Amino acid sequence: MNNFRVLKHYSVSLLMTLLLCAATLANAADWVTIDNAWVRNTLPGQNVSAAYMTLTSQQKDITLINVKSDVTDSVEIHSMSMQNGVMKMRMLKELPLTTGTPYKLAPGGYHLMLFDLKKPLNSGDKVNFVLTFKSGKHEQKQTLTVVVQSADEAAQDDHGHHHHH
């Protein structure tokens, strides 16, 4: 009976240690926290959309180099700016992130463009993304599931969803 108690205690301790290690590794592994993510819903006949979020590098200066999604084969990083009273949009090959500095991808600024959508995006739908970050010679992929919203819904949704996978 005594051996059973020792074994049971050992098993519980081992399990707790493993769970703690797994949680620590999962958190340490993510280079970027991703907050306030949403995808704009489409209007009838529209086959493009945009995704918005706030990206913050946790450990080092890194670069967002690629984005994939399950709703399109074409995702591009874009910036928007006013030049001589005209809104200009341009594609960026990558988006550098400085450690600890939040980069807000928002309407009218940086954003992810989703082209040639496979289906309409309605409020409440979910869109999956894989973001690839690079630091030196190392790359890391982070997955993200984002809810589709209208701009009005996103503006009202101010309680800051935190997506961290």
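Let's start with V148, which is buried, at a relative accessible area of 1%. By buried I mean under 20% relative accessible area, with exposed being over 50% and partly exposed in between, using a 1.4 Å probe and protein chains only. Before I go on, this is a predicted model, so local features need pLDDT of at least 70, side-chain atom pairs count only at pLDDT 80 or more, and totals for chains, interfaces and linings use all residues. Residues are numbered from 1 along each chain as its sequence is written, and side-chain values use heavy atoms, with hydrogens and water left out.

Okay, back to V148. You'll find V148 in strand 10, residues 138-149. Helices (H or I, at least four residues) and strands (E, at least two) are DSSP runs here, numbered from the N terminus. So what does V148 touch, once we leave aside its neighbours within four places in sequence? The contacts are V39, R40, N41, L121, N122, S123, G124, D125 and V127, where contact means heavy atoms within 4.5 Å. Take N41: it sits 107 residues from V148 along the chain, yet their C-alpha atoms are separated by 5.6 Å.

Now the whole chain. It has two helices and eleven strands, and in sequence order that reads α-β-β-β-β-β-β-β-β-β-β-α-β. Of its 165 residues, 34% count as buried. And among contacts between residues at least 6 apart in sequence, 68% join residues at least 24 apart.

On to the inside. In soluble globular proteins, nonpolar side chains tend to be buried together. A nonpolar core, for us, is a set of buried Ala, Val, Leu, Ile, Met, Phe, Trp, Tyr and Cys residues joined through side-chain atoms within 4.5 Å. Which members of the largest core touch the most other members? Those are V39, M53, L55, F129 and L131, out of 29 residues. Elements giving two or more residues to this core include strand 1 (32-40), strand 2 (49-57), strand 9 (126-135) and strand 10. There's also a second, separate core of five residues, with W38, A50, M113 and A154 among them. As for F129, beyond four places in sequence it touches residues including V39, A51, V67, L114, L144 and V146.

N36, in strand 1, isn't a glycine but has a positive phi of about 55°. N36 is partly exposed, at 38% relative accessibility. D116 isn't a glycine either, and has a positive phi of about 50°. Where is D116? In the loop between strand 8 and strand 9, and D116 is exposed, with a relative accessible area of 55%.
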